[in-house]
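Reader: I'm new to reading protein models, and I'd like to go through this one slowly. Could we look at it together?

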Amino acid sequence: MAVIGITGSTDGIGRAAARVLLADGHRVLVHARSRERGEPVAKALGGDVALVVGDLARIDDVRRLADQAREHGPIDTWVHNAGVWVRGSTPRTSADGHETTFAVNVLAPHLLTHLLSAELQGRLLWLGSGLAGSARPQPAALGRETDPRRAYAESKACDVALALAWNRRLPDVTSVAVDPGWVKTKLASPGAPGDVSSSADTIAFCCTAPDLASAPYWKNRAPTPVPRPLRDPALQDAIFAACDRMVGVG
């Protein structure tokens with residue numbers, strides 16, 4: 001049995017992945033933005049579930065989330081699944097003054113990794129996207145993009161870069177990126193060809209497969225190429241350092 005944490009696991013891909021892992025006998029730390037949202041989901045999932053809560057758009061909440069997760073350590077795998085694509089009534093700026101997509105999709109998982117690094121003992125999964133290859137993140141200007149599509153693409157490119165950067169910094173942890181594919185979720189358009197079950201299958205596989213270190217980026221249970229611009233360790237390190245400055249660590 002492994003202890004596996006999944007952010008954003010009250011809905012969509014995260015909830016589907018939690019269901020698969022629970023069925024396989026693992027303990028899953030189900031994350032919700034609030035206890036009111038999370039408790040019904042945890043009850044419905046059943047199995048060996050522990051609920052952890054925190055709003056990933058708030059740095060103080062990320063710190064509180066890490067404190068809760070530590071109570072269940074050591075942690076075999078942590079999945080940075082939660083993500084937003086800002087549109088409609090969603091605030092464009094986080095409580096800490098960062099562009100919301102960047103705050104939730106990049107800064108929160110980066111800070112959470114720092115805070116949980118002592119408890120992590122196996123794997124770290126970062127959700128990328130097919131859009132990651134279309135972005136060209138500039139470390140000096142991270143989080144300034146306001147066009148929703150470009151902001152989301154940039155955030156996913158940063159997640160892939162950070163997965164590789166963290167892999168070089170955590171000797172006892174395999175940190176990889178996972179492309180979940182274009183599936184029907186609240187983030188995707190209704191025309192998405194896939195469904196959450198296929199993405200959940202890939203995430204569950206990457207949580208438990210015996211040789212994940214053989215490749216840095218995965219899709220459909222198989223290695224997939226890292227977008228060329230994101231292969232540069234210097235760019236990865238520059239994004240890492242910029243995120244450190246923005247969350248006040250390092």
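Reader: Which residues of α7 are buried?
Author: Keeping in mind that this is a predicted model, the buried residues of α7 are Leu235, Gln236, Ile239, Phe240, Ala242, Cys243, Asp244 and Val247.

Reader: Okay, and what do the buried residues of α7 pack against?
Author: They pack against three helices, namely α3 (59-70), α4 (100-116) and α5 (148-167).

Reader: Why would residues three or four places apart point the same way?
Author: An α-helix has 3.6 residues a turn, so residues at that spacing end up pointing the same way.

Reader: What caps the N-terminal end of α7?
Author: Aspartate 232 does, with a side-chain oxygen that lies 3.0 Å from the backbone nitrogen of alanine 234. Just after α7, glycine 248 takes a positive phi of about 75 degrees.

Reader: Which strands is β2 joined to by bridges?
Author: β1 (residues 3-6) runs parallel to β2 and is joined to it by 4 bridges, while 5 bridges join β2 to β3 (residues 49-53), again in parallel. Valine 3 stands opposite arginine 27 in β2, and valine 30 stands opposite leucine 51 in β3.

Reader: And how does the chain cross from β1 to β2?
Author: The chain goes through helix α1 (residues 12-23), in a β-α-β crossover that is right-handed. A right-handed β-α-β unit is also made by β2, helix α2 (residues 35-45) and β3.

Terms used: Residues numbered from 1 in each chain as written. Predicted model: local features only at pLDDT ≥ 70, side-chain atom pairs only at ≥ 80, totals over all residues. Heavy atoms only, no water. Buried < 20%, exposed > 50% of the residue type's maximum accessible area, 1.4 Å probe, protein only. Helix = DSSP H or I, 4+ residues; strand = E, 2+ residues; numbered from the N terminus. Contact = heavy atoms within 4.5 Å. Polar contact = N/O pair within 3.5 Å; in protein donor to acceptor, adjacent residues only side chain to side chain. Pairing = 2+ DSSP bridges. Right-handed = clockwise from strand over helix to strand, strands pointing away.
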